Amino acid sequence: MIEQINKPNSDKEILNSLTPLVGKWFKEKFGGFTESQKYAILPIKGRKNILVSSPTGSGKTLCAFASILDYLISLEEKGELENKTYCIYVSPLKALSRDIEVNLNTPLKEMEKIRGKKLGIRVGLRTGDTTTTERSKMLKKVPHILITTPETLAIVLTTRKFVELLKGTEFVIVDEIHSLANKRGVYLSLSLERLEEISKITPVRIGLSATVAPLEEVANFLVGQKRDCLVADVQFIKKTDIKVITPVSDLIDVEGQFLHSSLYGLLDRLIQEHKTTVVFTNTRSATERVVHHLKERFPDKYLENIGAHHSSLSKEHRFNIEQRLREGKLKVVVTSTSLELGIDIGYIDLVILLGSPKSVARSLQRIGRAGHKLHDIAKGRFIAMDRDDLVECCVLAKEAMERKIDKIQIPQNCLDVLSQQIYGMAIYKIWEEDEMFSIIRKSYCYRNLSREDFLNVLSYLSGEYELEARNVYAKVWYDKETRQIGKKGKLARVIYMTNIGTIPEESFVSVQIAAGEGIGQKIGVIDEAFLERMKKGDVFVLGGQKYQYMYVKGMNIYVNSSVKRPPTIPSWFSEMLPLSFDSANEINRFRKLVEERLKQKNSPEEIKGFIEQHLYCEKEAGEAIYNYFYEQFRYAVIPHEKKIVIERYKGEKNYAIFHSLYGRRVNDALSRAMAFLVGRAGGRDIEVGIRDNGFYLAGEKLEIEKALKFLNSKNVEEILEEAINKTEVLNRRFRHCATRALMILRNYKGRRKTVGKQQMKSHFLLASVKRISHNFPILKEARREVMEDLMDINNTRVVLDRIKEGKVKIEQINVKLPSPFALSIVLEGYTDLLKMEDKIEFLKRMHKEHLKEIEERK
C-alpha cells in the first residue's frame with residue numbers, strides 16, 4: 001500500500017530519537033532540520049520504505065543518510081559494527097557518487113572531531129572506474145556504506161565473494177529516481193529484486209526524487225509489487241520566482257539581426273545582474289552557439305568565466321566546469337540537459353531557460369538549480385523567441401507555479417533488459433523456472449510479464465532459435481523436464497561483466513554520394529539518432545547543401561546530391577526534446593478558453609486581461625498572445641482540446657496540415673500511421689513533417705478522409721508495425737536491443753567491436769530473426785521500444801478514442817496560405833536552409849499577407 005505522510009515530525013521528536021553525537025552534530029551544524037528531514041528521518045529509523053520528493057537543495061541526501069549513520073554509530077558504540085555492507089546507495093551519475101562520498105565523509109570527520117576519536121565507519125565507492133586493487137581491498141575491509149551505479153550493482157550481484165558481504169544489507173537508497181524512468185531504471189528494479197532475494201534481512205528502500213508525478217507510480221517502481229511505501233511530498237516548500245520574458249516587445253514585426261542582438265543583450269544584462277547564472281538550452285549545438293556569441297559580442301566580459309557543459313564534451317571537461325562552478329570561478333555556464341540532475345554545483349542565483357523546456361517537471365528541475373539552499377528563492381526566467389514558444393513557455397510557467405506536474409512514463413516488460421538480467425542470475429546460481437519467474441514479476445516493471453514472453457526469452461538465451469550460423473550462441477541451459485536454468489560456457493562471467501548495461505553506444509554516420517559525379521565522395525557526418533528519424537526519399541541539409549537519402553550500408557548513408565525538393569527534416573530534429581502530452585493538453589485547453597472569448601466578441605482589452613491573469617504573464621506577453629490568436633481566429637479556425645483542424649492548401653504539392661497539439665511523440669505515431677494509409681490508398685512519395693503542435697502530409701494525391709475513417713485505437717498498433725517494418729528507426733533500435741540482450745557482444749576476448757561492425761551484424765541478425773519468427777523476443781522489444789518509448793502509442797490511442805467518441809471533432813478547411821498557427825509546422829523542413837534572419841523575414845511577410853486577407857474580408 002502506498003501512503004502519503006501528511007505531517008512532519010518536530011525537531012524535538014527527531015533529536016530525542018538520535019544518538020547524542022548525531023543530535024549534537026545536527027544542532028551545531030544546522031541548528032535544526034529541513035522539511036524533507038522532518039518527513040523522512042523517523043520513518044527510515046522505523047524501517048519503513050519511503051519515497052522523498054523535494055526540490056534540489058532541500059537536504060534530501062542527508063534525510064536519507066541521517067538515520068543510517070545514527071544506526072551505524074549506535075552499533076559502533078556498542079561494539080557491534082560488523083564487517084559487512086549495511087547500506088547500498090545507487091546513483092545514476094558517477095559524478096553524483098563522487099559528491100556523496102565527499103558529503104558523507106565530511107559529516108563523519110566532523111562527528112569524530114566532536115567525539116575526539118575515530119568512528120570506524122567505512123564509506124566505499126564502487127563504479128566501473130574502481131581499480132582491481134581497490135576492489136580487492138573492499139573484500140577485506142568491507143564498506144559499511146557502498147556507493148555505486150545501477151550497472152556496477154548488477155556486476156556485484158554476480159560476484160560470489162561480494163554477494164556474501166551483501167547478504168546483510170539493511171538499507172538501499174536510490175537517488176535521482178525521477179531520472180530512471182527508462183531502461184536503466186527497469187534494469188535497476190530487477191537488480192533490487194535480486195538483492196532482496198539474497199538478503200537475510202529485507203532491505204529498507206529509500207527513494208530520493210526531484211519534482212516528479214505521479215508519486216504513487218514512482219513509489220511502486222521503487223519498492224516493487226505488494227510492498228508498502230510511504231510518500232513524503234515536500235514540493236511546496238521552496239519559493240520560486242518565475243517569469244517569461246522576450247528579447248523584443250514584438251516577436252513578429254522585427255528585423256532578424258535586431259532580434260539576435262537583443263537576445264544577447266538581454267542575456268548579458270541578466271548574467272551581469274546576478275552572481276552566477278546557468279543558461280539551459282535544448283540542444284548541444286545551441287549550447288555551443290550561445291557561448292560563442294556571448295564571447296564574440298562581449299569579449300571583455302566573457303573569457304575565463306564562461307563555460308559549456310553537455311554530454312558530447314569529455315568527462316574531464318565537464319568535471320572541470322562543475323569544480324569551477326563550486327569554487328565560484330564561473331559567472332555563467334551554458335548547458336543542454338547535463339546539469340539537470342542534482343550534482344553539487346555550488347551557489348546559483350539565476351537559471352535562464354532559453355526556449356521551452358517542453359515539460360513542467362523539467363522546468364522545475366532546471367529552475368531548482370537556482371537558490372540551491374532550502375530557504376533561497378529559486379529564480380527562473382524563460383526566454384521565448386517566437387510566438388509559439390511564447391504561448392508554450394507561458395503555459396509551462398503557469399503550470400510550474402501551480403505545481404501541476406506532467407506524468408512520468410516508466411517502460412514495461414523490456415525483454416532485452418530481461419535477457420541480460422536472466423543471464424546474470426544464471427551466472428550466480430542454478431534456478432528453478434518458477435522461482436526465477438516469481439522474482440522477476442516482483443519488479444513493478446515486470447508485474448504484467450506473461451509466461452509466454454518469459455519462456456520466449458529463455459528459448460532465445462538457451463539457443464533454441466538456432467542462430468549459431470550468425471555467431472549467436474546459447475548463454476544459458478534450460479532443462480524443460482526439471483525446469484531448471486543455469487549458465488553455459490566458461491566465459492559467462494567475463495562476457496557478462498564486459499557487455500553489461502543499457503545505454504546504447506551512439507556514433508556518427510558517414511554521408512556519401514550514391515551515384516553519378518562524385519560517387520563515393522564523403523560529404524560529412526550526421527548523428528545516428530538523426531538517421532533513425534529518416535525514411536528513404538527524405539531530403540536533409542548538410543553544410544548548406546540539400547541531399548536526398550537513398551540507402552544505408554552499416555554506418556554509411558548514401559545520398560543523391562541533385563535534388564530540387566525542399567528539405568523534409570531539420571538536422572537538429574533528433575536532439576529536440578518532445579513536448580509532454582500533459583503540457584500539450586494544457587495548451588489545448590488554453591486555446592479553447594481564448595477561442596470562447598473571441599466568439600463571444602469580448603473586447604480586446606478584456607481578452608488581454610484574461611490572458612495576463614490566466615497565465616500570470618506580463619502585459620507585453622499578453623498582447624503578443626492575443627494578437628497571435630486573433631489573427632488565427634480571423635484568418636482560419638483555432639484548433640483546441642475539442643477540435644483538430646486540417647488545413648488543405650496547394651503549394652508545389654497538395655498539403656494537409658494537421659493541427660494536433662499533442663506533443664511530438666503522439667504526432668510521430670499519428671503522422672506515420674496516416675502517411676502509411678494515404679500511401680496505401682495510392683498516394684506516392686508522401687512527405688511528412690512533424691512538430692509538437694501538429695504535422696503535415698504532402699503529395700500529389702492525399703486520400704485523407706479515407707485514412708481517417710479507417711484509423712482507430714484498435715488497429716493503430718498493427719498499422720504502425722507495418723509502417724516501421726522497413727525503416728531505419730527499427731533497424732537502429734533493433735541493434736540497441738540486440739546489444740542489451742547480448743545477441744551482439746561489444747567486447748569479446750579483449751577485442752572491442754565498433755558501432756559500425758555492431759550495426760552490420762545487427763542488419764544480418766534482423767533479416768534472420770524476421771524469417772524465424774514475427775514474435776522473436778528481441779524483435780518484439782525493438783518494436784515496443786519504437787512505439788512506446790520513442791513514440792507514444794498509448795496516448796495516441798487516447799486521442800483516437802476521443803475522436804471516435806466525438807469528444808474531439810475534426811474540421812477540414814481550405815486556405816490560400818498556411819494559417820498563422822500552421823507556419824511553424826510547414827517551416828519544419830526548411831529550418832536548415834533558412835538563416836534565422838530569412839525565417840523571420842518569411843514569417844513577417846506571411847504575417848502581412850494574413851493581415852491583408854483579414855482586412856479584405858471585413
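A surface patch is built from residues with over 30% relative accessible area and no salt bridge, nonpolar side chains being joined within 5 Å. In this predicted model, Leu-491, Val-494 and Tyr-748 form such a nonpolar patch on the surface, with about 240 Å² of accessible area together. The structure also holds 22 aromatic pairs and zero disulfides.

**Nonpolar surface patch**

- Val-494, one of the members of the patch, is placed in helix α19, which spans residues 492–499.
- The relative accessible area of Val-494 is 49%, so this residue is classed as partly exposed.

**Aromatic pairs**

- A pair of aromatic rings is described by the distance of the centres and the angle of the planes.
- Among the 22 aromatic pairs is that of Phe-26 and Phe-30, whose ring centres are 5.8 Å apart and whose planes meet at 45°, so the pair is tilted.
- Phe-26 and Phe-30 both belong to helix α2 (residues 20–30), and because they are four residues apart there, about one helical turn separates them.
- Phe-26 is buried, at 1% relative accessibility, whereas Phe-30 is partly exposed, at 45%.
- A second pair, Phe-629 with Phe-821, is edge-to-face, with 5.3 Å centre to centre and 75° between the planes.
- Phe-629 lies in helix α23 (residues 619–635) and Phe-821 in the loop between β29 (809–814) and α31 (823–826), so this pair ties together parts that are 192 residues apart in sequence.
- Phe-629 and Phe-821 are both buried.
- Trp-25, Phe-26, Phe-30 and Phe-33 are linked by ring pairs into a cluster.

**Cysteines**

- The sulfur atoms of Cys-394 and Cys-617 are 4.7 Å apart, and Cys-617 holds the cysteine sulfur closest to that of Cys-394.
- Cys-394 is buried at 0% relative accessibility, and Cys-617 is buried at 11%.

**Backbone geometry**

- The peptide bond from Ala-213 to Pro-214 is cis, and its omega is near -10°.
- Pro-214 occupies the loop between β7 (204–209) and α10 (215–223).
- Arg-403 is a residue other than glycine with a positive phi, near 55°.
- The loop between α15 (387–401) and α16 (415–428) contains Arg-403, and this residue is buried, with a relative accessible area of 16%.
- Asn-471, which is not a glycine either, has a positive phi of about 60°.
- Asn-471 is located in the loop between α18 (451–461) and β16 (476–479).
- With a relative accessible area of 48%, Asn-471 is partly exposed, whereas Arg-403 is buried.

**A buried glutamate**

- Glu-853 is part of helix α32, which covers residues 836–857.
- The relative accessible area of Glu-853 is 14%, so this residue counts as buried.
- With neighbours within four places in sequence left aside, Glu-853 is in contact with Tyr-635 and Lys-816.

Terms used. Residues numbered from 1 in each chain as written. Predicted model: local features only at pLDDT ≥ 70, side-chain atom pairs only at ≥ 80, totals over all residues. Heavy atoms only, no water. Helix = DSSP H or I, 4+ residues; strand = E, 2+ residues; numbered from the N terminus. Buried < 20%, exposed > 50% of the residue type's maximum accessible area, 1.4 Å probe, protein only. Contact = heavy atoms within 4.5 Å. Disulfide = S-S within 2.5 Å. Patch = residues over 30% accessible without salt bridge, like charges linked within 9 Å, V, L, I, M, F, W, Y side chains within 5 Å. Areas by Shrake-Rupley, 256 points an atom, 1.4 Å probe, with all protein chains shown as cover. Salt bridge = Lys/Arg side-chain N within 4 Å of Asp/Glu carboxyl O. Phe/Tyr/Trp six-rings, centres within 6.5 Å; stacked < 30°, edge-to-face > 60°.
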